Amino acid sequence: MAKIVQLISKNCGKIKPDSVTDYVNAGGYAGLKKAMEIGPAQIVEEVKKSKLMGRGGAGYPTGKKWEQGYVRKTVFEYVVCNGDEGEPGTYKDKLILSQNPLLLMEGMTIAAYIFGIKEGYIYVRGEYYGLKEMLNNAIKNAVEANYLGKNIMGTDFSFNIHVVWGAGAYVCGENTALLESIEGRSGRPRQKPPYLSQEGLYKKPTIFQNVETYSNIPYIVEHGGDEYASYGTECSGGTKLVCLSGNVINKGVYEVPFGTPIRELVYSLGGGVSNGRKLKFVQLGGSSGACFTEEKLDTPMCYKALKDNELKLGSGALLVVDDSNCVIDFLKTITGFFIHESCGKCTPCREGNTRIYEILDRFSKGRGKPEDIDDLYRLSNLMDITSFCGLGQAATTALKDCLKYMREEFDEHIEGKCRAGVCNLT
Amino acid sequence: MNKTALLSQLDEIIEKYGGLKDNLLQILLDLQKVSGHNYLPEECLEEISSQLNLPLSKVYEVATFYSMFNHEPKGKYIIEICNSAPCHVEGADDLTQLFEDVLGIKVGEITTDGIFSLQHSSCFGACDISPAIKIGTEVYGNLTKEKIEEIIKEYRGE
């Protein structure tokens, strides 16, 4: 049985999200208090021990990142939070932002305290604009209660948080594109290096993490990195918010410890495939994530085990796809999404997605040819190697996996057959 | 809203954001909200360009980069149907068909009374109630034809 362990989601839905009183009564700000007792060096140590990896998708160890900045005595100017979760099927940051934003803000405040940073930004995707008033109230209430603003909790540490809104652009989830957007420009990614710890927001060194990553910090500081790590596996500490979507009975966001097998997420938490259908495949990590079938379902959710199986956790979105769906039709949806979301800066991504869509469209109309499959491989490899940012590089992950695990469906379409009966093969 | 009133509202918005270039995106979001027809009128973009001291081409570049901004008048309410993978596998195409039937328009069109626009959208994180739609900041899911008709009636004020 998959178990739910609520380290960061336990107060979601139970407290008034913008109420500091509710938050404190539920144990809030204990992490910040402890942080001020133990001091920056020890906080960094606890985060390191926690084996917390960035929850936005890249999975870089947070403690390592912070330690590098701390040891090098980097003068960080900004704390930025990525609340632009745009990977289809991902709605975990929405859970925190809408139901316990003060937890995120406490985490950001602790990060700011380590480096003596005065200004913080939360960039939230425009699709969540309905949360604007509540988030502004939460900040206002935290300032009034002296957990934000000047001389926090009577110390000489001051920190402000601003909320900035996106306006519908998946690419802004890429960290440099997000910073461009905060600065009021189009969200086109910057060249890296320099990295954000060298040149981030307004070209100043910037601490940059995902909503979920910051939200883990208060727990880690309050209870210690070792305890947090103990919930997870050898290499991946703590818990992860996973988002179940698609053809599964119990869709929703669940907090589960690392090490939980993917199969348990689908069948135990998710209750299995809906409408009595059979599982065709799952896609892990959103539309840029890997697609895999039954045979890899026992892989535990752990950064290392997934990597060993050529999979990636990404954002933690788990899309279940049943056998009433057609692989070609599914890939057309995925590629259509990337055509819409490509920023147009680099040619491989801008053109590649469109060319792939054209080929897939031919398959779906019974006009696919065997040599088209070679073209699909060639285009996807080219995009992987030559695209400017992660968007184009990962846009064809699903295509490559589907070719690998479900190649026979491509061949069937060439022969004029769609086993799911979705495509109109005239 | 007439143009003079809209331009004076725009002045207030720009002032609220300190007339700073960095806040261009936020200014555009607020402007579209008060425009009445969910779009960014060209004369407003010109006004923003002059007040923020930004070339019009830059303002236009940002205004056309983000998919939530419209450049022609839309319906009073925009019905956005998610067509990303999680909603797609749960029947977003059928849902689109239902809306097209109930409203008598195709995706991309506006109802003759100017109340509704119908369009597709990338995932907005309502995957737990997929296939989902969004009208402004309100999200609806687990929809049937009856529910859709009810929602439409409600927005029409019938």
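Predicted model: local features only at pLDDT ≥ 70, side-chain atom pairs only at ≥ 80, totals over all residues.
The elements giving two or more residues to the side of chain B that touches chain A are helix 2 (24-34), helix 4 (56-65) and helix 5 (85-88) of chain B (DSSP runs of H or I, at least four residues, numbered from the N terminus), and helix 2 of chain B provides the largest share, six residues. Three salt bridges are also found across this interface (a side-chain nitrogen of Lys or Arg within 4 Å of a carboxyl oxygen of Asp or Glu); Glu90(B) and Lys251(A) meet in a salt bridge through their side chains, at 2.3 Å from N to O.

Two cavities of 30 Å³ or more are counted, a cavity being a set of points on a 1 Å grid over the protein atoms alone where a 1.4 Å probe fits but cannot get out, with lining residues having an atom within 4 Å of a point. The largest holds about 90 Å³ of space, and its lining includes Cys343(A), Cys346(A), Cys349(A) and Cys389(A).

Local features need pLDDT of at least 70, side-chain atom pairs count only at pLDDT 80 or more, and totals for chains, interfaces and linings use all residues, while side-chain values use heavy atoms, with hydrogens and water left out. Residues are numbered from 1 along each chain as its sequence is written, and chains are lettered from A and ligands numbered from 1 in the order in which they are written.

Key. 1 Å grid on protein atoms, 1.4 Å probe; cavity = no way out; pocket = protein on both sides within 12 Å on 5 of 7 lines; lining within 4 Å. Points joined across faces, edges and corners; volume = space filled by probe spheres on them.
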